[in-house]
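Here is a short briefing on one protein model. Please keep the sequence and the structure side by side as you read.

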Amino acid sequence: EGWELEGVFAPGMREFYYTTMGGKYTKPTVFGFRQENTVWNRYIAFTRTGEVSFSPDGERMHMAKGYKDRVGDGWSDRKSHGPMFEREDWGIMRLTSSANGTFVFDDYKGGDVIRISALKNGKRQEPAEMGPMINTGKFTAHPFIAPDESYLIWDSEREGGLGDSDLYISFRQKDESWGPAINMGDAVNSDKWDAFASVTPDGKFILFNRGVDAENTNVDIYWVDAKIIETLRPE
């Protein structure tokens, strides 16, 4: 019962994190596990201050408007991404980054939109709303950008969906634009709330959330073979 959601592996596939809430955990709490000699042990727990994602090199843990850097065997204190991301009128839940340092993040306060901010010549670019290919529908949120920026996965309620929120994918075009939103289909989506996808760093699996009950007070972590991405990629 309760929440088990937002499952992500860190690069290297020897750390796994997810968020829980329910029972004695009255606030969303992140559990972190490490694999040691083929055994997974919980090594850390902390109150969620932003949905966890990782830089492709595994050295930075993004947490919405903030982040932690690896320090030895642990993590630094949480730091801010700076004034550009600390706007009071923005509600960032999840921020993901590519190998080139591009940030893609959602905003539940600013109309349930997804924004993108590239890093050019070492300078962070002002975030801009992504186009209607991405920002159409309701409750558009929880983006995941591929490390090579070849695709973007997110969730939204759109016409023609399978039920509640569905997972969608858009592929980067040769002219650097984003292609049409493709519903990931009933091999991934259901008539329930399907959301918050992440592709494991080894590229083999997609992890995502699914609501077990209609109110989404009980949410579980599901997985599917990431080969489905290639079956959806336009020829």
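Strands here are DSSP runs of E with at least two residues, and they are numbered from the N terminus. With that naming, S16 gives the most to the lining of the second largest pocket, namely 4 residues. The model is predicted.

- Strand S1 covers residues 3-9 and pairs with S2 in the antiparallel sense, over 5 bridges.
- Val8 stands opposite Tyr17 of S2 in this pairing.
- S1 and S2 make a hairpin with 5 residues between them.
- Gly12 sits in that turn and has a positive phi of about 105°.
- S2 is also joined to strand S3 (residues 25-36), by 7 bridges, and the two run antiparallel.
- Tyr25 in S3 is the bridge partner of Gly22.
- The S2-S3 hairpin has 2 residues between its strands.
- Gly23 in this turn has a positive phi of about 65°.
- Is S2 enclosed or open? Of its 8 residues (15-22), 6 are buried, so S2 is largely enclosed by the rest of the structure.

**Sheet S16-S17-S18-S19**

- This open sheet has 4 strands in the order S16-S17-S18-S19, with antiparallel pairing.
- Its edge strands are S16 (138-145) and S19 (182-183), and each pairs on one side only.
- Inside the sheet, S17 and S18 pair over 6 bridges in the antiparallel sense.
- Leu152 stands opposite Ser170 of S18.
- In a regular strand, side chains alternate between the two faces of the sheet.

**Nonpolar cores**

- The largest nonpolar core holds 18 residues.
- Tyr151, Ile153, Ile169, Met184, Ile206 and Ile229 touch the most other members of this core.
- Two or more residues come from each of strands S17 (151-157), S18 (166-171), S20 (194-199) and S21 (205-211), and from helix H1 (228-232).
- A second, separate core has 15 residues, including Val30, Phe46, Trp75 and Ala195.
- What does Tyr151 contact, leaving aside neighbours within four places in sequence? Its partners include Phe144, Ile145 and Ala146. Ile169, Ser170 and Phe171 are also among them.

- S12 and S15 run antiparallel and are joined by 2 bridges.
- Ala128 in S15 is the bridge partner of Ile116.
- Ile114 lies in S12, which covers residues 113-117.
- Is Ile114 buried or exposed? Ile114 counts as buried because its relative accessibility is 0%, and the cut-off for buried is under 20%.
- Not counting residues up to four places away in sequence, Ile114 touches Val104, Phe105 and Asp106, among others. Its contacts also include Ala128, Glu129, Met130, Ile134 and Asn135. Thr140, Ala141, Pro143 and Trp154 are among them too.
- Ile114 and Pro143 are 29 residues apart in sequence, and their C-alpha atoms are 7.3 Å apart in space.

**Largest pocket**

- The largest pocket has about 390 Å³ of space.
- It is lined by 25 residues, and Phe144, Pro147, Val199, Thr200 and Pro201 are the closest to its centre.
- At least two lining residues come from each of S1, S5 (52-54), S10 (95-97), S16, S20 and H1.
- By class, the lining has 13 nonpolar, 8 polar and 4 charged residues.

**Second largest pocket**

- The volume of the second largest pocket is about 340 Å³.
- Of its 21 lining residues, Leu5, Glu51, Met93, His142 and Trp193 lie nearest the centre.
- S1, S16 and S17 are the elements that give two or more residues to this lining.
- The lining of the second largest pocket divides into 9 nonpolar, 5 polar and 7 charged residues.

Technical notes. Residues are numbered from 1 along each chain as its sequence is written. This is a predicted model: local features need pLDDT of at least 70, side-chain atom pairs count only at pLDDT 80 or more; totals for chains, interfaces and linings use all residues. Side-chain values use heavy atoms; hydrogens and water are left out. A nonpolar core is a set of buried Ala, Val, Leu, Ile, Met, Phe, Trp, Tyr and Cys residues joined through side-chain atoms within 4.5 Å. Buried means under 20% relative accessible area, exposed over 50%, partly exposed in between (1.4 Å probe, protein chains only). Contact means heavy atoms within 4.5 Å. Two strands pair if DSSP finds at least two bridges between them. On a 1 Å grid over the protein atoms alone, a cavity is a set of points where a 1.4 Å probe fits but cannot get out, and a pocket is an open set with protein on both sides within 12 Å along at least five of seven lines; lining residues have an atom within 4 Å of a point. Grid points are joined across faces, edges and corners, and a volume is the space filled by probe spheres set on the points. Ala, Val, Leu, Ile, Met, Phe, Trp, Tyr, Cys and Pro count as nonpolar, Asp, Glu, Lys and Arg as charged, and the others, Gly among them, as polar.
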